[in-house]
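Colleague: Before I use any of the labels on this model, I would like to know what each one rests on. Please take me through them.

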Amino acid sequence: HELEVIKTAGLANYFLVVQDIIQCCKKQGVLVGPGRGSVGGSLIAYLLGITSVDPIEYGLIFERFYNAGRNTKDNVSLPDIDIDFPSGFRKYVIEYIIRKYGKENVAQIATYSELQGKSAFKEVLRVHGFNYKLSDMLTSKIPDYARISDKLEETKEDSILMWTLKHEPTALQESGRLLDDGTIDGPYAYHLNVAIQIEGALKSRGRHAAAVVIGSEPLADISPIVYEGDEPIVVFDKDGCEKIGLLKMDILATTVLDKLMAFNSLLKNGYIEDFKNPFEENSNV
(Lines give C-alpha, C1' and ligand atoms only; values in the text may rest on other atoms or scores of the structure.)
Protein backbone atom coordinates (compact mmCIF):
# COMPACT_ATOMS: atom_id res chain seq x y z
CA HIS A 1 0.00 0.00 0.00
CA GLU A 2 2.74 2.45 0.97
CA LEU A 3 4.78 1.68 -2.11
CA GLU A 4 1.77 2.27 -4.35
CA VAL A 5 1.02 5.63 -2.69
CA ILE A 6 4.67 6.70 -2.98
CA LYS A 7 4.96 5.64 -6.64
CA THR A 8 1.66 7.29 -7.62
CA ALA A 9 2.68 10.55 -5.95
CA GLY A 10 6.08 10.48 -7.72
CA LEU A 11 8.02 10.41 -4.45
CA ALA A 12 10.43 7.53 -5.08
CA ASN A 13 13.34 9.86 -5.88
CA TYR A 14 12.69 11.86 -2.72
CA PHE A 15 13.04 8.76 -0.54
CA LEU A 16 16.20 7.71 -2.38
CA VAL A 17 17.80 11.16 -1.95
CA VAL A 18 17.14 11.03 1.80
CA GLN A 19 18.41 7.45 2.03
CA ASP A 20 21.61 8.34 0.17
CA ILE A 21 22.44 11.20 2.56
CA ILE A 22 21.80 9.08 5.64
CA GLN A 23 23.78 6.10 4.35
CA CYS A 24 26.72 8.34 3.45
CA CYS A 25 26.84 9.64 7.02
CA LYS A 26 26.53 6.18 8.57
CA LYS A 27 29.36 4.86 6.40
CA GLN A 28 31.55 7.65 7.77
CA GLY A 29 30.66 6.74 11.35
CA VAL A 30 28.37 9.73 11.89
CA LEU A 31 25.47 9.03 14.24
CA VAL A 32 22.12 9.84 12.63
CA GLY A 33 18.87 10.15 14.56
CA PRO A 34 16.48 7.16 14.50
CA GLY A 35 13.62 9.20 13.04
CA ARG A 36 11.55 12.16 14.11
CA GLY A 37 7.81 12.74 13.93
CA SER A 38 5.32 11.19 11.52
CA VAL A 39 7.90 9.56 9.23
CA GLY A 40 8.14 6.88 11.93
CA GLY A 41 4.86 5.53 10.52
CA SER A 42 6.42 4.67 7.16
CA LEU A 43 7.50 1.07 6.65
CA ILE A 44 9.30 2.07 3.42
CA ALA A 45 11.41 4.59 5.37
CA TYR A 46 12.26 1.87 7.91
CA LEU A 47 13.24 -0.66 5.24
CA LEU A 48 15.42 1.94 3.49
CA GLY A 49 17.26 2.70 6.74
CA ILE A 50 15.89 6.26 6.91
CA THR A 51 14.33 5.48 10.30
CA SER A 52 15.24 2.90 12.91
CA VAL A 53 11.80 2.25 14.39
CA ASP A 54 9.60 -0.57 13.08
CA PRO A 55 6.14 0.98 12.57
CA ILE A 56 4.45 -2.44 12.54
CA GLU A 57 5.84 -3.37 15.96
CA TYR A 58 4.63 -0.12 17.49
CA GLY A 59 1.40 0.29 15.54
CA LEU A 60 2.40 3.57 13.86
CA ILE A 61 0.19 4.89 11.08
CA PHE A 62 1.48 5.69 7.59
CA GLU A 63 -1.35 8.15 6.88
CA ARG A 64 -0.10 10.48 9.60
CA PHE A 65 2.99 10.84 7.40
CA TYR A 66 1.45 10.86 3.92
CA ASN A 67 -1.86 9.89 2.35
CA ALA A 68 -3.01 9.07 -1.18
CA GLY A 69 -4.30 11.98 -3.23
CA ARG A 70 -2.34 14.66 -1.38
CA ASN A 71 -0.01 15.24 -4.32
CA THR A 72 -1.97 16.32 -7.40
CA LYS A 73 -1.16 17.71 -10.83
CA ASP A 74 -1.88 21.26 -9.66
CA ASN A 75 -0.50 20.95 -6.13
CA VAL A 76 2.91 19.49 -5.31
CA SER A 77 2.95 18.35 -1.69
CA LEU A 78 6.04 16.58 -0.42
CA PRO A 79 6.17 14.59 2.81
CA ASP A 80 8.30 15.97 5.61
CA ILE A 81 11.26 13.81 6.64
CA ASP A 82 13.21 15.60 9.37
CA ILE A 83 16.70 14.19 9.88
CA ASP A 84 18.78 14.66 13.02
CA PHE A 85 22.54 15.00 12.63
CA PRO A 86 25.22 15.89 15.19
CA SER A 87 25.53 19.69 15.23
CA GLY A 88 29.26 19.46 14.54
CA PHE A 89 28.62 17.56 11.31
CA ARG A 90 25.69 19.51 9.86
CA LYS A 91 27.88 21.67 7.63
CA TYR A 92 29.61 18.56 6.25
CA VAL A 93 26.24 17.04 5.40
CA ILE A 94 25.34 20.17 3.44
CA GLU A 95 28.74 20.11 1.73
CA TYR A 96 28.05 16.51 0.65
CA ILE A 97 24.67 17.53 -0.80
CA ILE A 98 26.34 20.36 -2.72
CA ARG A 99 29.02 18.02 -4.13
CA LYS A 100 26.38 15.47 -5.10
CA TYR A 101 23.85 17.78 -6.78
CA GLY A 102 25.93 20.83 -7.73
CA LYS A 103 26.62 24.15 -6.04
CA GLU A 104 24.18 26.02 -8.28
CA ASN A 105 21.38 23.55 -7.46
CA VAL A 106 21.49 23.73 -3.66
CA ALA A 107 20.60 26.57 -1.28
CA GLN A 108 18.94 27.36 2.00
CA ILE A 109 15.53 29.02 2.10
CA ALA A 110 14.09 32.23 3.48
CA THR A 111 11.66 32.69 6.32
CA TYR A 112 9.48 35.73 6.88
CA SER A 113 8.09 37.23 10.05
CA GLU A 114 4.78 39.08 9.96
CA LEU A 115 3.44 41.99 11.94
CA GLN A 116 0.85 40.35 14.14
CA GLY A 117 -1.16 41.84 16.98
CA LYS A 118 1.33 43.10 19.51
CA SER A 119 4.14 43.71 17.00
CA ALA A 120 1.81 45.60 14.62
CA PHE A 121 0.57 47.90 17.39
CA LYS A 122 4.14 48.46 18.66
CA GLU A 123 5.34 49.35 15.17
CA VAL A 124 2.59 51.96 14.72
CA LEU A 125 3.36 53.49 18.11
CA ARG A 126 7.09 53.53 17.29
CA VAL A 127 6.73 55.39 14.00
CA HIS A 128 4.46 57.93 15.71
CA GLY A 129 7.20 58.73 18.19
CA PHE A 130 5.96 56.99 21.35
CA ASN A 131 8.66 55.76 23.70
CA TYR A 132 9.34 52.10 24.38
CA LYS A 133 8.07 52.18 27.96
CA LEU A 134 4.60 53.40 26.96
CA SER A 135 4.49 51.08 23.96
CA ASP A 136 5.39 48.11 26.12
CA MET A 137 2.74 49.02 28.69
CA LEU A 138 -0.03 49.36 26.11
CA THR A 139 0.78 46.08 24.37
CA SER A 140 1.85 43.84 27.27
CA LYS A 141 -1.50 42.06 27.64
CA ILE A 142 -2.22 41.43 23.96
CA PRO A 143 -2.33 37.63 23.46
CA ASP A 144 0.19 35.88 21.24
CA TYR A 145 -0.99 34.12 18.10
CA ALA A 146 -0.07 30.69 19.49
CA ARG A 147 -2.38 31.09 22.49
CA ILE A 148 -5.48 32.02 20.50
CA SER A 149 -4.86 30.40 17.09
CA ASP A 150 -7.70 27.91 17.55
CA LYS A 151 -10.07 30.68 18.62
CA LEU A 152 -9.11 32.80 15.62
CA GLU A 153 -9.93 29.88 13.36
CA GLU A 154 -13.27 29.29 15.08
CA THR A 155 -14.34 32.93 14.76
CA LYS A 156 -12.85 33.36 11.25
CA GLU A 157 -11.05 36.44 12.56
CA ASP A 158 -7.87 37.52 10.76
CA SER A 159 -6.84 40.24 13.20
CA ILE A 160 -5.47 39.44 16.66
CA LEU A 161 -6.15 43.03 17.73
CA MET A 162 -9.77 42.95 16.62
CA TRP A 163 -10.29 39.56 18.27
CA THR A 164 -8.80 40.97 21.49
CA LEU A 165 -11.10 44.01 21.39
CA LYS A 166 -14.08 41.67 21.02
CA HIS A 167 -13.17 38.86 23.40
CA GLU A 168 -10.53 40.15 25.85
CA PRO A 169 -11.25 43.92 25.94
CA THR A 170 -9.45 44.46 29.26
CA ALA A 171 -6.14 43.70 27.50
CA LEU A 172 -6.56 46.92 25.48
CA GLN A 173 -8.60 49.02 27.91
CA GLU A 174 -5.84 51.65 28.17
CA SER A 175 -5.80 52.05 24.38
CA GLY A 176 -9.35 51.80 23.15
CA ARG A 177 -12.63 49.90 23.11
CA LEU A 178 -14.89 48.48 20.44
CA LEU A 179 -18.25 50.23 20.08
CA ASP A 180 -21.52 48.56 19.10
CA ASP A 181 -21.28 50.01 15.58
CA GLY A 182 -17.89 48.31 15.03
CA THR A 183 -15.75 51.44 15.37
CA ILE A 184 -12.98 51.89 17.92
CA ASP A 185 -13.01 54.65 20.51
CA GLY A 186 -10.32 55.69 22.97
CA PRO A 187 -7.05 57.58 23.37
CA TYR A 188 -5.17 55.36 20.90
CA ALA A 189 -8.09 54.45 18.62
CA TYR A 190 -6.36 55.85 15.52
CA HIS A 191 -3.19 53.84 16.20
CA LEU A 192 -5.20 50.67 16.79
CA ASN A 193 -7.05 51.14 13.50
CA VAL A 194 -3.78 51.55 11.59
CA ALA A 195 -2.26 48.53 13.37
CA ILE A 196 -5.24 46.37 12.42
CA GLN A 197 -4.79 47.40 8.77
CA ILE A 198 -1.12 46.37 8.68
CA GLU A 199 -1.51 43.07 10.52
CA GLY A 200 -0.15 40.31 8.28
CA ALA A 201 2.35 42.57 6.51
CA LEU A 202 5.84 41.11 6.19
CA LYS A 203 8.26 42.61 8.70
CA SER A 204 11.61 40.93 8.02
CA ARG A 205 13.34 38.15 6.15
CA GLY A 206 15.48 35.52 7.81
CA ARG A 207 17.07 32.19 7.00
CA HIS A 208 15.40 28.89 7.85
CA ALA A 209 17.31 27.18 10.65
CA ALA A 210 17.32 23.73 9.06
CA ALA A 211 15.85 23.64 5.54
CA VAL A 212 17.96 23.02 2.45
CA VAL A 213 16.44 22.87 -1.05
CA ILE A 214 17.70 20.90 -4.03
CA GLY A 215 16.73 21.71 -7.59
CA SER A 216 17.12 19.70 -10.78
CA GLU A 217 18.55 22.81 -12.46
CA PRO A 218 20.40 25.95 -11.31
CA LEU A 219 18.23 27.64 -8.71
CA ALA A 220 18.97 31.10 -10.07
CA ASP A 221 17.10 30.11 -13.25
CA ILE A 222 13.85 29.48 -11.38
CA SER A 223 14.00 31.66 -8.25
CA PRO A 224 15.43 34.95 -7.02
CA ILE A 225 18.52 34.36 -4.86
CA VAL A 226 20.00 36.51 -2.10
CA TYR A 227 23.28 35.95 -0.27
CA GLU A 228 24.30 36.04 3.37
CA GLY A 229 28.05 36.11 3.00
CA ASP A 230 28.72 33.24 0.61
CA GLU A 231 25.51 31.38 1.51
CA PRO A 232 22.84 31.44 -1.25
CA ILE A 233 19.25 31.71 -0.05
CA VAL A 234 16.15 31.12 -2.15
CA VAL A 235 13.78 33.98 -1.36
CA PHE A 236 10.67 31.80 -1.43
CA ASP A 237 9.52 30.28 1.85
CA LYS A 238 8.98 26.53 2.22
CA ASP A 239 5.51 26.59 0.66
CA GLY A 240 6.73 28.67 -2.27
CA CYS A 241 9.64 26.28 -2.82
CA GLU A 242 7.24 23.34 -3.05
CA LYS A 243 5.08 25.16 -5.59
CA ILE A 244 7.99 25.64 -7.97
CA GLY A 245 9.07 22.01 -7.62
CA LEU A 246 12.06 22.27 -5.29
CA LEU A 247 12.88 19.41 -2.94
CA LYS A 248 13.08 20.68 0.65
CA MET A 249 14.97 18.78 3.31
CA ASP A 250 15.28 19.61 7.00
CA ILE A 251 18.89 18.98 8.09
CA LEU A 252 18.58 19.35 11.86
CA ALA A 253 21.54 19.93 14.20
CA THR A 254 21.08 18.00 17.45
CA THR A 255 23.76 18.45 20.11
CA VAL A 256 22.81 15.30 22.02
CA LEU A 257 24.08 13.26 19.05
CA ASP A 258 27.49 14.97 19.39
CA LYS A 259 27.59 13.87 23.04
CA LEU A 260 26.55 10.31 22.23
CA MET A 261 29.24 10.09 19.54
CA ALA A 262 31.86 11.40 21.97
CA PHE A 263 30.73 8.96 24.67
CA ASN A 264 30.82 6.07 22.20
CA SER A 265 34.34 7.05 21.17
CA LEU A 266 35.48 7.06 24.80
CA LEU A 267 34.04 3.58 25.30
CA LYS A 268 35.66 2.18 22.16
CA ASN A 269 39.05 3.61 23.04
CA GLY A 270 38.99 2.34 26.61
CA TYR A 271 38.83 5.70 28.34
CA ILE A 272 35.73 4.62 30.29
CA GLU A 273 36.12 1.34 32.18
CA ASP A 274 33.53 -0.87 33.92
CA PHE A 275 30.62 1.06 32.43
CA LYS A 276 27.27 -0.53 33.25
CA ASN A 277 24.03 0.35 31.55
CA PRO A 278 21.70 1.67 34.30
CA PHE A 279 18.70 0.43 32.30
CA GLU A 280 19.76 -3.23 32.36
CA GLU A 281 17.95 -5.44 34.86
CA ASN A 282 21.10 -6.75 36.53
CA SER A 283 22.88 -3.42 36.69
CA ASN A 284 23.98 -2.25 40.15
CA VAL A 285 24.45 1.35 39.02
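This is a predicted model: local features need pLDDT of at least 70, side-chain atom pairs count only at pLDDT 80 or more; totals for chains, interfaces and linings use all residues.

Modeller: Residues are numbered from 1 along each chain as its sequence is written, and side-chain values use heavy atoms, with hydrogens and water left out.

Colleague: What makes a set of points a pocket and not a cavity?

Modeller: The test uses a 1 Å grid over the protein atoms alone: a cavity is a set of points where a 1.4 Å probe fits but cannot get out, whereas a pocket is an open set with protein on both sides within 12 Å along at least five of seven lines. The largest pocket has a volume of about 260 Å³. That volume is the space filled by probe spheres set on the points, with grid points joined across faces, edges and corners.

Colleague: Which residues line the largest pocket?

Modeller: A lining residue has an atom within 4 Å of a point. The lining consists of K91, I94, E95, I98, K103, V106, A107, Q108, D230, E231 and P232. By class, five are nonpolar, one is polar and five are charged. Here Ala, Val, Leu, Ile, Met, Phe, Trp, Tyr, Cys and Pro count as nonpolar, Asp, Glu, Lys and Arg as charged, and the others, Gly among them, as polar.

Colleague: Which elements each supply at least two residues of that lining?

Modeller: They are α4 (90-101), β2 (106-114) and β7 (231-234), and α4 gives the most, with four residues. Helices (H or I, at least four residues) and strands (E, at least two) are DSSP runs, numbered from the N terminus.

Colleague: How do you know that β2 and β7 pair, and in which sense?

Modeller: Two strands pair if DSSP finds at least two bridges between them. β2 and β7 have two bridges and run in the parallel sense, with I109 standing opposite V234 in β7. β7 is also joined to strand β6 (residues 225-228), by four bridges and antiparallel; V226 has I233 of β7 as its bridge partner. β6 and β7 form a hairpin with two residues between them, and G229 in the turn has a positive phi of about 65 degrees.

Colleague: What are the pairings of β5 with β2 and with β8?

Modeller: β2 and β5 are antiparallel over eight bridges, and Q108 stands opposite V212 in β5. β5 and strand β8 (residues 247-254) are also antiparallel, over four bridges, where V213 has K248 of β8 as its bridge partner.

Colleague: Why is the contact between K122 and D136 called a salt bridge?

Modeller: A salt bridge is a side-chain nitrogen of Lys or Arg within 4 Å of a carboxyl oxygen of Asp or Glu. K122 and D136 are 3.3 Å apart, N to O, so the pair meets the definition. K122 lies in helix α5 (residues 118-127) and D136 in helix α6 (residues 132-139), so the pair ties together parts that are 14 residues apart in sequence.

Colleague: How many salt bridges does the structure hold?

Modeller: There are 11. Among them, R126 and E123 meet at 2.7 Å, N to O; both lie in helix α5, three residues apart, about one turn of the helix. E228 and R207 form another, with the closest N and O atoms 3.8 Å apart. E228 lies in strand β6 and R207 in strand β5 (residues 202-214), so this pair ties together parts that are 21 residues apart in sequence. D80, K248 and D250 are linked in a network of salt bridges.

Colleague: Is S223 buried or exposed?

Modeller: Buried means under 20% relative accessible area, exposed over 50%, and partly exposed in between (1.4 Å probe, protein chains only). S223 has 5%, so the label is buried. S223 sits in the loop between β5 and β6. Leaving aside neighbours within four places in sequence, S223 is in contact (heavy atoms within 4.5 Å) with V234, V235, F236 and I244.

Colleague: What makes R36 partly exposed?

Modeller: R36 has a relative accessible area of 37%, which falls between the two cut-offs. R36 is in the loop between α2 (12-27) and α3 (43-47). Not counting residues up to four places away in sequence, R36 touches D82, D84, L252 and T254.
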